[in-house]
Amino acid sequence: MSSHELQRPLPMSFADHAGTMPAMRAGVIGAGNVGMSVALALHAHGHLAWIVARSPQRRAECSMAFPSIPVYENGEDIETLPDWIIISTPDAAIARAAKECFRADVWSETAVKSHDVVMAHCAGALHAEVIADALDDAL
């Protein structure tokens, strides 16, 4: 089994609450180890909206792992906005990934008006303000 395959089901505590939570959709930017782990968990429960992967090899892996899920080369290409966007790129690429999303046509048509999309990154070394700064720079 590859490192990108879900090896066991999630604990029962998650499954117990599945019927009580509203449907949530999330997009993942970055298809490395962290991004794929997050995407697999989201996909297992029907919450993965799309994934962004820069390299052709990673896009091919994502297309095979998630055949019904859109796979994009960059954040500017996204066509739908989920409830959450999770950025799991290397630390130095987080601001760029956020800016690309903010520049997507769908973002200007939807999110800026509604403020309904939550964006978070997986870097332990950076503050959440890196995303707010990227929004200021992109708009």
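These notebook entries record what I looked up in a predicted model.

**Conventions.** I number residues from 1 along each chain as its sequence is written, and my side-chain values use heavy atoms, with hydrogens and water left out. Local features need pLDDT of at least 70 and side-chain atom pairs count only at pLDDT 80 or more, while totals for chains, interfaces and linings use all residues.

**Entry: second largest pocket.** I looked up the second largest pocket and noted a volume of about 210 Å³. Its 16 lining residues include, closest to the centre, Gly30, Ala31, Ala53, Arg54 and Thr89. A pocket is an open set of points on a 1 Å grid over the protein atoms alone where a 1.4 Å probe fits, with protein on both sides within 12 Å along at least five of seven lines; lining residues have an atom within 4 Å of a point. Helix H4 (residues 94–103) gives the largest share of this lining, three residues; a helix is a DSSP run of H or I of at least four residues.

**Entry: Val34.** I located Val34 in helix H2 (residues 33–44). Leaving aside neighbours within four places in sequence, I found Val34 in contact (heavy atoms within 4.5 Å) with Ser88 and Cys122. The C-alpha atoms of Val34 and Ser88 are separated by 6.2 Å, although these residues are 54 apart along the chain. Val34 is partly exposed because its relative accessible area is 45%; the class lies between buried (under 20%) and exposed (over 50%), with a 1.4 Å probe and protein chains only.

**Entry: cysteines.** I recorded Cys122 as partly exposed at 41% relative accessibility, whereas Cys101 is buried at 0%. My search of the whole structure found zero disulfides, meaning pairs of cysteine sulfur atoms within 2.5 Å.

Terms used:
Grid points are joined across faces, edges and corners, and a volume is the space filled by probe spheres set on the points. Helices (H or I, at least four residues) and strands (E, at least two) are DSSP runs, numbered from the N terminus.
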